[in-house]
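Here's a quick briefing on one helix and some charged pairs. Have a look at the model first, then read on.

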Amino acid sequence: MKNICIIGSGSWGCALAIHAAQAGHNVKLWSFDTEEARLINEEKKCKFLPKVTMPDNVFCTTDIKEAVEGTEMILHVTPSKFFRETLRKYKDFITNQPVIICSKGFELASLSTLSDVAKEEIPNVKIGAFS
């Protein structure tokens with residue numbers, strides 16, 4: 001059993017959280033939206049996946065430091081337009097966790113791949129990409 005952090009609580013982040021939790025892992029899910037976190041924690045619902053129930057071993061928080069601390073890996077699942085901004089919010093809390101990029105696309109301003117953005121922002125961290 002691993003402790004997994006998922007940055008992003010949209011449909012893809014929630015789907016990954018459900019899968020990881022059903023595989024027996026503890027999941028901390030980060031959301032920027034307080035109401036979304038409440039819905040996940042208290043009603044066990046994801047507004048983007050209305051027909052599913054979130055497992056009990058998924059906890060959602062709006063505190064990005066809380067989401068990252070004590071985990072063994074980070075799955076980054078935000079839209080590409082928020083990728084760099086969100087990465088900057090938690091990069092100082094990364095210890096030895098690899099960051100797995102589950103987002104798709106490019107950074108519009110630089111036309112860089114998200115892997116390149118991650119290497120620029122967190123050069124000493126193990127980075128993987130989900131494809």
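A search of the whole structure turns up 11 salt bridges (a side-chain nitrogen of Lys or Arg within 4 Å of a carboxyl oxygen of Asp or Glu). This is a predicted model, where local features need pLDDT of at least 70, side-chain atom pairs count only at pLDDT 80 or more, and totals for chains, interfaces and linings use all residues. Residues are numbered from 1 along each chain as its sequence is written, and side-chain values use heavy atoms, with hydrogens and water left out.

**Helix H2**

- In H2 (residues 34–43), Glu 36, Ala 37, Leu 39 and Ile 40 are buried (under 20% relative accessible area; exposed is over 50%, partly exposed in between, with a 1.4 Å probe and protein chains only).
- They sit on the same side of H2, because they cover an arc of only 160° around the axis (taken from the directions from the helix axis to the C-beta atoms).
- Thr 34 and Glu 42, on the other side of H2, are exposed.
- H2 is followed by Lys 44, which has a positive phi, near 60°.

**Charged pairs**

- Glu 42 and Arg 38 form a salt bridge, with the closest N and O atoms 3.4 Å apart.
- Those two are four residues apart in H2, so about one helical turn separates Glu 42 from Arg 38.
- Arg 84 pairs with Glu 120 in a salt bridge (3.0 Å, N to O), linking distant parts of the chain, helix H4 (residues 83–90) and helix H5 (residues 114–121).
- Arg 84 is buried at 12% relative accessible area, while Glu 120 is exposed at 53%.
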